[in-house]
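Subject: Structure handover

Hello,

Here is the structure I promised you. Please open it alongside this email, and then read on for what was found.

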Amino acid sequence: MTHFAGRAGKVLFLSVLTAMLLVVTALAADIATGAGCTTGSSLRLRAEPSTSASVVTTLDKSVAVAILDDSVDGWYKIAYNGSTGYVSADYLNVDQDNVFTTYGRVNSDGVNVRSDASTDSSVLATIEEDAIVTVNGLVDGWYDVTCEYGTEGYIRSDFLDLTESSSSNSDIAATAKQYLGTGYVYGGASPRGFDCSGFTMYVYSQHGYSLPHSATSQWQSGLGTRVYSISELQPGDLVFFNDPSRNAGKACSHAGIYTGDGQFIHSSSSRIGGVIVSSLTSGYYNTYFVGGIHV
């Protein structure tokens, strides 16, 4: 009897330990445990669960977000559009049935779409990084998705960033090119005329992103993933520049959008002025390249 109780105790201990390891693994991998919808405009996503913590980015009203952790009273740890942080529970409605509709962007290369919410299930398709899918809900840490050509299946939630936009980065670059030749206007942020950050802000707004009107603020916005090598840039990425001898104290003084093949599009205040395409592989912009942001 004592031997049996000892064995039972060991089994119980191992079961609890396994459950704890699964929870730790899920948290480490940013597996979604639920979904929610924001209820406030310009909702601050903070680095820590405190109103005094730094702001990672701001969220619009009525967007679906992944809930990663709800263990801190009054706060939810969430992920949205490639950013992770905390929002006040006062401004988030938790989805009780985990059935909702939004978009998701694949954040890794060669991600499998499976027939069920499990790594043991069959692979229906494999999709590349930056692909956009429709998200229909959440099942045990997996998103129920519909892919571009109609394939329906499941993607593990840490491989997908929820977003409002149905556009990929290449679509952003294509939108930017539509404004080639538009004149430079200091403080401008419309097709009537752009300054550099007004141009990037306007183009990105056409794809569901909210950016501040300042090159430095955009660089520090917390949006997406920073890239420091020109060779790692992808079409549609934001790119930033600064000449510290002319702009001491600024993180960035100029912004644009990478279009591929070592070129970027931007609104320049130079002699030729306006929205133009310039090279990143040599000259001024190569010398003073700060970095890029991949969303």
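One term before the sheet: two strands count as paired if DSSP finds at least two bridges between them. Keep in mind that this is a predicted model.

The sheet. Six strands make an open sheet, in the order β17-β22-β18-β19-β20-β21. Their pairing is antiparallel. The edges are β17 (225–227) and β21 (274–279), and each of these pairs on one side only. On average, neighbouring strands are turned by 35° against each other, direction ignored.

Look inside the sheet next. β18 (residues 238–241) pairs with β22 (residues 289–294) over four bridges, in the antiparallel sense. Phe 241 stands opposite Phe 289 in β22.

The helices. Which strands does helix α2 lie across? Helix α2 (residues 169–177) lies across β19 (254–260), β20 (263–268) and β22. Its direction is at about 110° to β19. Helix α3 lies across β18, β19, β20 and β21, and runs at about 50° to β19.

Helix α3 (residues 196–205) is mostly covered, with nine of its 10 residues buried. Among them are Phe 199, Met 201, Tyr 202 and Tyr 204.

The cavity. A search of the whole structure found one cavity of 30 Å³ or more. The largest cavity holds about 160 Å³ of space. Its lining has 13 residues, and Thr 57, Thr 58, Tyr 80, Asn 81 and Ser 210 lie nearest the centre. Strand β3 (residues 55–59) gives the largest share of the lining, three residues. By type, the lining has five nonpolar, six polar and two charged residues.

Best wishes

Key:
Residues numbered from 1 in each chain as written. Predicted model: local features only at pLDDT ≥ 70, side-chain atom pairs only at ≥ 80, totals over all residues. Heavy atoms only, no water. 1 Å grid on protein atoms, 1.4 Å probe; cavity = no way out; pocket = protein on both sides within 12 Å on 5 of 7 lines; lining within 4 Å. Points joined across faces, edges and corners; volume = space filled by probe spheres on them. Helix = DSSP H or I, 4+ residues; strand = E, 2+ residues; numbered from the N terminus. Nonpolar A, V, L, I, M, F, W, Y, C, P; charged D, E, K, R; others polar. Buried < 20%, exposed > 50% of the residue type's maximum accessible area, 1.4 Å probe, protein only. Axes fitted to C-alpha atoms, helices over the stretch in contact; angles between N-to-C directions. Contact = heavy atoms within 4.5 Å.
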